[in-house]
Amino acid sequence: MAATTTTLFLLFPFLLLLGQTLAQTATPTALAPAPASDACNGIFLTYTYATGKIVPPILKRDPARQGYRFESSFTVLNNDLEELKSWRVFVGFQHDEYLVSASNAVLADGNSIPGSVGNGSTFAGFPNPDLKTGIETAGDLTQMSVRVQLVGTQFGVGPRAVPLPKNISLVNDGWVCPELTMLGNSTMQVCCIRDPNFKANVTLDEGFLPRQEGDLTIMYDVLRTYESNYWAQVVMENHNPLGRLDNWQLSWDWMEEEFIFAMRGAYPSIVDTTECVFGKQGQFYQSLDFSTALNCERRPTIIDLPLAKTNDSNLGMIPFCCRNGTILPPEMDPGKSKSAFQINVFKMPPNLNRSDLTPPQNWAVKGRLNPDYKCGPPVRVSPTQFPDPSGLLSDSSAVASWQVVCNITHTSGAAPRCCVSFSAYYNESIIPCKTCACGCPATSGRTCSGTAPAMLIPSQALLVPFDNRTVLTRAWAELHHFPVPNPIPCGDNCGVSLNWHLFTDYRGGWSARITIFNWDDEAFVDWFTAVQLDKAGPGFEKVYSFNGTMMENSNGVNDTIFMQGLPGLNYLVGEVNGLDPKKDPRVPGKQQSVISFTKKLTPGINIPAGDGFPKKVYFNGEECSLPTVIPVSGGWRFGSSSVLSAVILAVVVFFLVEQ
């Protein structure tokens, strides 16, 4: 009996352990749910807000302007069957965000970081723009996905808020993103899938994305590469019939501490190697003579060379170079619609390999009185083919090629650079350019009103600079009993203005006169203007003093007249002094022509009611500001009365000057 008791006592711990094991086996623990990305057979995007805190200054009385630091991230995961090339993700920021840093990405609109992204921004991958598939990497997430960490400042969100963007989406062609879902209160996610209606034109055999269309395209072709440097050719080509550049300035950001050693066909706007001499470049290239280098800025600005350097053996001899920075529309001159130059780029460790090639990022281009362009990120395309320079019937290939696409944009709130005034045969008053049509200085409110509508003026005032028009304008107002605001309206502040004058209107047709005024000191070579007339456009017959042709709009309708100077008359001179500079006002450069129209193709149009006035006017590609009203009949008509009104105006001006 005692032996049995002892045996049971020794077996008890083992029996207890066996019971616990059986109990655990009987009630298995539930497995963790699979992540949402596993159910996505496309591109899986997430955005996560990590943390934030208030930053000085502390604005207790103005919480809407209080800044808060935010730290967040978004991820892009390729679960598709094909490689995602040059990924681009839009983040719909909505709290006036100012982005300070972003890892593994750049802004796709060409802007640099730090910078404002409060209206939402598109990010592009850098330095690795492509995401491979799980099949070709055996599920290696480091090659299939990317995580972009964001740090910045946002405003008015509150200390305990979790501020998220409106949305996130993949903006690559051929993809659609459904409504996003929330994971908790700090993470949003969406699975983007292929658009079944999208027809791709990617040549998969080459492994490159196709070249894209745009208003202006830039090719960055590496021609020769060495261990520590390479030669590249940059070609800008205009494709927009109304786009152009004058005195172009091209800029970009070096991302790997590169610097410009030599150039042909163009030149940096600033020749300075100070940053190299005292920086890492000088420490690494100790035997390099930096006195012969050109530029070490992280963001250089490149300008074109003058015509005189075209055949210069040291600086020129590059096709399409050296045109004073002028790029014309292809409709004006296909040979002058592109510009090219070559650049010698030195690299820095650890990129000292002839196959390690990284194009610059954040491209931007601008010109003098030209439209604004927004440029996307450089996209790797198939190597450009060039005709063999020796004349052989073979082509030579670039080592590597990238394409940058720039499109004309109209930034909200941006002021135009040219303006239009309206006049007509049936009314002696000119409707001038709008007040502050091209912007007004901040200090102008002390002497004039930036909001009062522009005052009607006599025809004589069109040839007088705005600063000299005050007496004429006041006299005209007194003569016709027009109200005079106090203070008087500010000027238009435009470098170029155009007057559209309705010249005649008769049963079978009508005519207009266009006058272009250059108020700038510099002349415009190979200028052009375009006038969109809507209903009356198809009736266009002839421009008498310019070279004029009719253009189709995007809908295939002939409604835009394209005009340029005749050979030998394509030079719009700048403003010059009057005959007596001490008392005479400066005189603008001016060109003028009459345009005739027929009514056979446009029955029912009403010329004085508005059909005879343009809907849009462009000068050198820049869309000009138009008046919001048109001349009305019932005013003093031109004729015998115009002579009398001119005499009366002169008398009124005399008395105002005497006062």
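Two strands are said to pair if DSSP finds at least two bridges between them. Helices (H or I, at least four residues) and strands (E, at least two) are DSSP runs, numbered from the N terminus.

This report describes a predicted model, in which local features need pLDDT of at least 70 and side-chain atom pairs count only at pLDDT 80 or more, while totals for chains, interfaces and linings use all residues. Residues are numbered from 1 along each chain as its sequence is written, and side-chain values use heavy atoms, with hydrogens and water left out.

## Strand pairing

Strand 31 (residues 528-532) pairs with strand 34 in the antiparallel sense, over 5 bridges. Within strand 34, Thr560 is the bridge partner of Gln532. An open sheet of 5 strands has the order 33-34-31-37-38, with antiparallel pairing. Its edge strands, strand 33 (546-552) and strand 38 (622-623), each pair on one side only.

Strand 4 (residues 98-102) runs antiparallel to strand 6 (residues 115-116), and 2 bridges join them. Here Tyr98 has Ser116 of strand 6 as its bridge partner. Strand 4 also pairs with strand 8 (residues 145-155), again in the antiparallel sense, over 4 bridges. In strand 8, Val151 stands opposite Ser101.

## The second largest pocket

On a 1 Å grid over the protein atoms alone, a pocket is an open set of points where a 1.4 Å probe fits, with protein on both sides within 12 Å along at least five of seven lines; lining residues have an atom within 4 Å of a point. Grid points are joined across faces, edges and corners, and a volume is the space filled by probe spheres set on the points.

The second largest pocket has a volume of about 730 Å³. It is lined by 31 residues, of which Gly125, Pro127, Asn128, Pro129 and Asp130 are the closest to its centre. Strand 7 (121-125), helix 3 (141-144), strand 8 and strand 22 (379-381) are the elements that give two or more residues to this lining. By residue class, the lining of the second largest pocket has 15 nonpolar, 10 polar and 6 charged members. In this count Ala, Val, Leu, Ile, Met, Phe, Trp, Tyr, Cys and Pro are nonpolar, Asp, Glu, Lys and Arg are charged, and the others, Gly among them, are polar.

## Nonpolar cores

A nonpolar core is a set of buried Ala, Val, Leu, Ile, Met, Phe, Trp, Tyr and Cys residues joined through side-chain atoms within 4.5 Å. Buried means under 20% relative accessible area, exposed over 50%, and partly exposed in between (1.4 Å probe, protein chains only).

The largest nonpolar core has 35 residues, and those touching the most other members are Leu498, Trp500, Trp510, Ile595 and Phe619. At least two residues of this core come from each of strand 26 (418-424), strand 28 (496-505), strand 29 (509-518), strand 32 (540-543), strand 34 (558-565), strand 36 (589-598) and strand 37 (616-619). Another core, of 31 residues, lies apart from it and includes Ala232, Met236, Trp252 and Ile302.

## Disulfides

A disulfide is a covalent bond between the sulfur atoms of two cysteines. The criterion applied is a pair of cysteine sulfur atoms within 2.5 Å. A search of the whole structure finds 10 disulfides; the table lists three of them.

| Pair | Sulfur separation | Torsion about the S-S bond |
|---|---|---|
| Cys177 and Cys192 | 2.0 Å | 105 degrees, right-handed |
| Cys276 and Cys296 | 1.9 Å | about -110 degrees, left-handed |
| Cys448 and Cys490 | 1.9 Å | about 95 degrees, right-handed |

Cys177 is partly exposed, with a relative accessible area of 26%, whereas Cys192 is buried, at 0%.

Cys276 is buried, with a relative accessible area of 0%, and Cys296 is buried, with 3%.

The torsion about the S-S bond of Cys448 and Cys490 is about 95 degrees, so this disulfide is right-handed. This pair links distant parts of the chain, 42 residues apart: Cys448 in the loop between strand 27 (427-431) and helix 6 (470-480), and Cys490 in the loop between helix 6 and strand 28. Both of these cysteines, Cys448 and Cys490, are buried.

Helix 6 also contains Trp476. Trp476 is buried, with a relative accessible area of 3%. Its C-alpha atom is separated by 6.6 Å from that of Pro458, 18 residues apart along the chain.
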